[in-house]
Amino acid sequence: MINVGVVGTGMMANVIAKSLSKDKFLLNSVLSRTDKMAKWFGGQYNLPDNKCYSDIVSFFSDPDLDAVYIATPTSEKERIIQFALEYNKHALIEKPLPSSDRAMELYGEARRRGLFFLDATHCIHNAIFKDLNGLIEKYVGNLSCIEAVFFWPSADERSMKFNSELEPLGALGDLGWYPARLVSEFFSAGIDVSGYSYLNASGTLVESNVVGVANGMTIKLSSSYLNRHSAPDFGFFSA
């Protein structure tokens, strides 16, 4: 069995914790900012109190720990990843990371240490994603425009994602990653883009809209927490 520790206690931490009972993975421990929250989370999954941590050094020093799943606010991820590398733990990390350059440095360090260092984004590992170009060629034809949209309306500004100090990329990092990752499948070079974003009263980026041109094709990317749009998740337009 591979013993996994979960860092964070939010929605995705619960999703992963529930899935760890399958195959060869076992929920070993949890790390939270407070003892109370760590024990509350652990109680949902029958973890003993001594596996519910609020001290990061104690969490990573656990001799039973093999790997970690990191579901903290974006601003905390690099610090947690660095601990994982120092303690030689494999890491599965919920996107996004605050800096792509720093992310590549961390990937390189993990490789040098012989550690698995993975982005927890399931869509790119789905079989249909690998067949995407073939499916478009068969059912759509030549593309003149790709519009990729991810809207997740939310009015609860108490949520962590509305805190610009914790989530500096806001909707762009949280939701916009998916449209951008989809579009990246079609281009090996950069795209000339322009766009606009909306910030709420606290300075959180709550909507991002980008338009670009590459290889004679128009690209439109949108991501938003605002409840004022209606659009399909993804749109493909043939010439």
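Predicted model: local features only at pLDDT ≥ 70, side-chain atom pairs only at ≥ 80, totals over all residues.
Modeller: Strand S7 (residues 143-151) runs parallel to S10, and seven bridges join the two.

Colleague: In S10, which residue is the bridge partner of Phe151?

Modeller: Phe151 belongs to the stretch 143-151, which is strand S7. S7 is joined to S10 in the parallel sense. The bridge partner of Phe151 in S10 is Ser224.

Colleague: Is strand S10 largely enclosed or largely open, and how many of its eight residues are buried?

Modeller: A residue counts as buried when its relative accessible area is under 20%. S10 covers residues 217-224 and is largely enclosed by the rest of the structure, because the buried ones among its eight residues number six.

Colleague: Which residue in the hairpin of S9 and S10 takes a positive phi?

Modeller: Strand S9 (residues 205-214) pairs with S10 in the antiparallel sense, over eight bridges. One of the pairs is Ser208 with Ser223 of S10. Two residues lie between the strands of this hairpin, and the one with a positive phi, near 50°, is Asn215.

Colleague: In the open sheet of six strands, which are the edge strands?

Modeller: The order is S3-S2-S1-S4-S5-S6, with parallel pairing. Inside this sheet, S1 and S2 are joined by six bridges, and Val7 stands opposite Leu31 in S2. An edge strand pairs on one side only, and that applies to S3 and strand S6 (117-119).

Colleague: Is Phe25 buried, partly exposed or exposed?

Modeller: Phe25 is in strand S2. Beyond its neighbours within four places in sequence, Phe25 is in contact with Met1, Ile2, Val4 and Leu20. The relative accessibility of Phe25 is 35%, so the class is partly exposed.

Colleague: Why are the buried residues of H2 on the same side of the helix, and what arc do they cover?

Modeller: Helix H2 (residues 35-44) has Ala38, Phe41 and Gly42 as its buried residues. They lie on the same side of H2 because the arc they cover around the axis is only 100°.

Colleague: Against which helix do the buried residues of H2 pack?

Modeller: Their packing partners include the strands S1 (2-7), S2 (25-31) and S3 (52-53). The helix among the partners is H1 (11-19).

Colleague: What is the relative accessible area of Tyr139?

Modeller: Tyr139 is found in helix H7 (residues 132-139). With Ile128, Leu135 and Val140, Tyr139 makes a nonpolar surface patch of about 370 Å². Tyr139 is exposed, and its relative accessible area is 60%.

Conventions:
Residues numbered from 1 in each chain as written. Heavy atoms only, no water. Buried < 20%, exposed > 50% of the residue type's maximum accessible area, 1.4 Å probe, protein only. Helix = DSSP H or I, 4+ residues; strand = E, 2+ residues; numbered from the N terminus. Arc of directions from axis to C-beta. Contact = heavy atoms within 4.5 Å. Patch = residues over 30% accessible without salt bridge, like charges linked within 9 Å, V, L, I, M, F, W, Y side chains within 5 Å. Areas by Shrake-Rupley, 256 points an atom, 1.4 Å probe, with all protein chains shown as cover. Salt bridge = Lys/Arg side-chain N within 4 Å of Asp/Glu carboxyl O. Pairing = 2+ DSSP bridges.
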